[in-house]
Amino acid sequence: MNPLIRLIPPFFVRFFARPYVAGDSLDLAMAAVNDLWKKRSLMATLDLLAEDIREQGQADENLRTYLRMVDAVADWKGAGPEGRPTLSLKPSSYTTKPLQEGGDAKGSFEAIEAIVEAAAKKGVQVTVDMESRHWTDFTIDALNKLWQKGHRHVGCVLQTRMHRTEADIAALPEGMRVRLVIGIYREPGEVALVDKPAMKKRMLDYAARLLKAGHYVEFATHDEAVVRQFVDQVVPACGVGPDRFEVQMLYGVPRERLLAELRQRGIRCRLYVPFANSWGLAVQYLRRRLDEYPAMMWLVTKNLLRIG
Ligand SMILES: Cc1cc2nc3c(=O)[nH]c(=O)nc-3n(C[C@H](O)[C@H](O)[C@H](O)COP(=O)(O)OP(=O)(O)OC[C@H]3O[C@@H](n4cnc5c(N)ncnc54)[C@H](O)[C@@H]3O)c2cc1C
C-alpha cells in the first residue's frame, strides 16, 4: 500500500471513502440492497467490514452479525430467490490469531461453518473472499471441507495475479461457483504477477477455462474494456448462456452506464455492498479502496466544494 495512504488518519479515510460503504448498520445495508434492486435491477452480495480483529469479543460479534445477515437476506422480499443477495465473508474476521502474523486462525473455520450451515437452512449463498497469500491455503481447504460435507451453496474467489491460481482452478470441486478477480493484495513477484495487464489477460483466459469446465463465473472487475471482452468474446466463444455467469463490481465505484447497458442486455450484475458495525472496523477496507483509486479524494472534495 502507498505509504501516504497508510498515513491518512482514520477520520479522513472514512470521510473520503464514504461512497464505498452502505452505512454503519445492517438496516442501512439492506436499504442499499433494496435500492439497487428496485432502481437499477442490480443484485448484491453483502459484506460486513470486520478485519484486524484484536479481541475475541469482536470475533464473536462478527459471527453473530453474519447470522443476522443470513436472516435479513432470507426474509428480504425485494426479489425472488434468484435475485436474493448473497453473503461475502473474510476468514480473518473471526480470529484474533491471523495467519499473516504467524497465528493459527483459531476459530475461523468454526465460524465460517456455522454461517454456512445457517445459510443452508435459509437458501442463502455464501462466498468466502480471498485475502492475502497467507490465507490462500486455509481458505481453499475450508471450502473443500465444506463442499465435502455437502454444502453446494458456497463459492470461492480466485486471484489471477497469483501464480498458483492455475493449479487451484484445476483442483476445484466440480461445479463450484467462482468469483474471478485480479486480487487487491500486493504480493511479491515470487508468488504473483506484478503487472496489471498480464493479470487481466489471465482473467479472460481463466474465465474461459472455468466456463468450459462447468463453473458459474462471477467476473469481478471495473475495467470496462475487460468486461466487454468477457461478455462479447469469451462468453460466446464458450457457448454458454446468461445463466452461467454474472458481472460483479464494488458498491460506490461509478460504473452506472456500463451496468445499465449490461442489464439491458439481460446480463446479471451484482454489487459487493460492504457495511460496518463500527467505522473503526471499516478503515482497513476503505484504505485499500483509496489506495487503488486515490482520485476518489479529489472527487469527494470537488463535490463538497460544489455543494458549498
Ligand atoms: C465484487 C468484487 C469482489 C472482490 N473480492 C475480492 C477478494 O475477495 N479478494 C481480492 O483480493 N480482491 C477482491 N476484489 C478486488 C479486485 O481484486 C481488484 O483489486 C479491484 O476490483 C480493482 O481491480 P480492477 O479489476 O477493477 O482493475 P483496475 O485496473 O484496478 O481498475 C479498472 C478501472 O476501475 C477504476 N477503479 C478501480 N477501483 C476503483 C475504486 N475503488 N474506485 C473508483 N474507481 C476504481 C480504475 O481507476 C480503473 O479505471 C473484488 C472486486 C470486486 C469488484
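Before looking for patches, I noted that a nonpolar patch is made of residues with over 30% relative accessible area and no salt bridge, its side chains being joined within 5 Å. The model is a predicted one, and I kept that in mind throughout.

Surface patch. I found that F11, F12 and F15 form a nonpolar patch on the surface, and that together they have about 310 Å² of accessible area. I then looked up F15, which is found in helix 2, residues 10-17, and which is partly exposed because its relative accessible area is 33%.

Positive phi. I next turned to backbone angles and noted that S41, although not a glycine, has a positive phi of about 55 degrees. S41 sits in the loop between helix 3 (26-40) and strand 1 (43-48), and with a relative accessible area of 32% it is partly exposed. A105, also a residue other than glycine, has a positive phi near 60 degrees; A105 lies in the loop between strand 2 (86-89) and helix 5 (108-122), and it is buried, with a relative accessible area of 3%.

Cores. The largest nonpolar core holds 79 residues, of which L46, L211, F230 and V273 touch the most other members. Helix 8 (residues 196-212) gives the largest share of this core, eight residues. Leaving out residues up to four places away in sequence, I listed the contacts of L46, which include L26, M30, V33, M69, L87, V273 and F275. Apart from this core lies another, of 21 residues, among them V13, F16, Y20 and L250.

Note on methods:
Residues numbered from 1 in each chain as written. Predicted model: local features only at pLDDT ≥ 70, side-chain atom pairs only at ≥ 80, totals over all residues. Heavy atoms only, no water. Patch = residues over 30% accessible without salt bridge, like charges linked within 9 Å, V, L, I, M, F, W, Y side chains within 5 Å. Areas by Shrake-Rupley, 256 points an atom, 1.4 Å probe, with all protein chains shown as cover. Salt bridge = Lys/Arg side-chain N within 4 Å of Asp/Glu carboxyl O. Helix = DSSP H or I, 4+ residues; strand = E, 2+ residues; numbered from the N terminus. Buried < 20%, exposed > 50% of the residue type's maximum accessible area, 1.4 Å probe, protein only. Core = buried A, V, L, I, M, F, W, Y, C linked by side-chain atoms within 4.5 Å. Contact = heavy atoms within 4.5 Å.
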